[in-house]
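Please read these notes with the model open beside them. They are arranged as numbered points, each on one topic.

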Amino acid sequence: MKTQKYIPYIVLFFGIISFIAFYKIENAGATGALARNTIRFHVKANSDTPIDQTLKLKVKDAVVDYIYKETGDFASAEETSLFITQNNDKIKNIAQKIIDENGFSYTVSSRFGTDTFPTKTYGDIVYPAGQYTSYTLYIGSGEGHNWWCVLYPPLCFVDTSTGVVPDSSKERLKESMTDTEYETIVQYRFKYFTFLNEIFFDE
């Protein structure tokens with residue numbers, strides 16, 4: 001009879017284990033869907049000095065503004081990828097102009113391809129660790145911390161300081177995924193079993 005009082009705890013334990021296993025399977029599917037339908041954008045500063053980090057943000061603003069004006073009505077990551085590769089020199093020239101206008105002698109280099117990234121949170125959207133297509137601009141030596149966003153679906157103008165991605169941006173992302181995959185990457189925090197937040201969400 002004594003063992004019966006432990007049955008609810010045993011059931012709860014195995015329920016949590018099953019949930020974790022299920023989540024990881026769904027997470028793998030979501031990662032694959034994001035990898036096929038996402039283009040990440042990174043701007044790496046010359047260094048971590050305040051002046052270099054400020055320059056990085058100025059370059060980011062100019063480049064993102066140009067890309068979004070030209071690709072705002074694109075309906076696929078493939079279209080955006082083609083635009084970037086065909087206009088890489090122009091994009092670098094835009095960045096170089098900002099650098100020159102601010103009195104720096106740095107040059108700009110770029111890389112477009114597939115890279116492996118750790119888990120990142122963008123507002124309340126989780127980008128699981130994995131391989132993603134990315135476009136990176138390097139200012140000077142490119143040894144400073146980077147700024148990153150998502151070129152497709154267009155999320156670069158999202159105010160992540162609020163912790164919430166607007167519904168309009170989420171809808172664009174949802175269009176490229178199944179409902180289950182989409183629900184997997186939306187960051188729902190556990191209120192009571194708080195240790196699960198570290199398993200699922202923390203970087």
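How many residues does helix α4 have, and how far does the helix reach from its first C-alpha to its last?

1. Helix α4 covers residues 88-101, which makes 14 residues, and reaches 20 Å from its first C-alpha to its last. That is close to the 20 Å expected at 1.5 Å a residue. Please keep in mind that this is a predicted model. After α4 comes Gly 103, with a positive phi near 80°.

2. Which residues of α4 are buried? They are Asn 88, Ile 91, Ala 95, Gln 96, Ile 98 and Ile 99. Viewed down the axis of α4, these buried residues fall within an arc of 160°, so they line one face of the helix. The exposed residues on the other side of α4 are Asp 89, Asn 93, Lys 97 and Glu 101.

3. Asn 93 is a residue of helix α4. Is Asn 93 buried or exposed? Its relative accessibility is 53%, and exposed means over 50%, so Asn 93 counts as exposed. Asn 93 and Val 108 are 15 residues apart in sequence, and their C-alpha atoms are 8.2 Å apart in space.

4. The 22 residues of α2 should span 32 Å at 1.5 Å a residue, and the end C-alpha atoms are 31 Å apart, which agrees. The buried residues of α2 include Leu 55, Val 59, Val 63, Val 64 and Ile 67. The buried residues of α2 pack against β1, α3, α4, β5 and β6 (146-152).

5. Now to the rings. How many aromatic pairs does the structure hold? There are seven aromatic pairs. In one of them, the ring centres of Phe 41 and Tyr 135 are 5.9 Å apart and the planes lie at 20°; planes under 30 degrees apart count as stacked, so this pair is stacked. Phe 41 belongs to strand β1 (residues 39-44) and Tyr 135 to strand β5, so the pair, 94 residues apart, links distant parts of the chain. Phe 41 and Tyr 135 are both buried. Ring pairs join Phe 41, Phe 112, Tyr 135 and Trp 147 into a cluster.

6. Arg 40 is in strand β1. Is Arg 40 buried or exposed? Its relative accessibility is 1%, and buried means under 20%, so Arg 40 counts as buried. Arg 40 lies over the face of Phe 117, 4.2 Å from the ring centre. Its charged end also sits over the ring of Trp 148, at 4.3 Å from the centre. Leaving out residues up to four places away in sequence, the residues that Arg 40 touches include Phe 117, Lys 120, Tyr 127, Tyr 135, Trp 148 and Cys 149.

7. Thr 136 is placed in strand β5. With a relative accessible area of 6%, Thr 136 is buried. Not counting residues up to four places away in sequence, Thr 136 touches His 42, Lys 44, Ser 109, Ser 110 and Arg 111.

8. Last, the chain as a whole. The chain has seven helices and six strands. From the N terminus on, the elements run α-β-α-α-α-β-β-β-β-β-α-α-α. Of its 203 residues, 45% count as buried. Among contacts between residues at least 6 apart in sequence, 73% join residues at least 24 apart. The chain exposes about 11,200 Å², and carbon and sulfur atoms supply 56% of that area.

Technical notes: Residues are numbered from 1 along each chain as its sequence is written. This is a predicted model: local features need pLDDT of at least 70, side-chain atom pairs count only at pLDDT 80 or more; totals for chains, interfaces and linings use all residues. Side-chain values use heavy atoms; hydrogens and water are left out. Helices (H or I, at least four residues) and strands (E, at least two) are DSSP runs, numbered from the N terminus. The expected span of a helix is 1.5 Å times one less than its number of residues. Buried means under 20% relative accessible area, exposed over 50%, partly exposed in between (1.4 Å probe, protein chains only). The arc is that of the directions from the helix axis to the C-beta atoms. Rings of Phe, Tyr and Trp (its six-membered ring) pair if their centres lie within 6.5 Å; planes under 30 degrees apart count as stacked, over 60 as edge-to-face and the rest as tilted. A charge sits over a ring if NZ of Lys or CZ of Arg is within 6 Å of the ring centre and within 35 degrees of the ring normal. Contact means heavy atoms within 4.5 Å. Accessible areas come from the Shrake-Rupley method with a 1.4 Å probe; for residues, only the protein chains shown count as cover.
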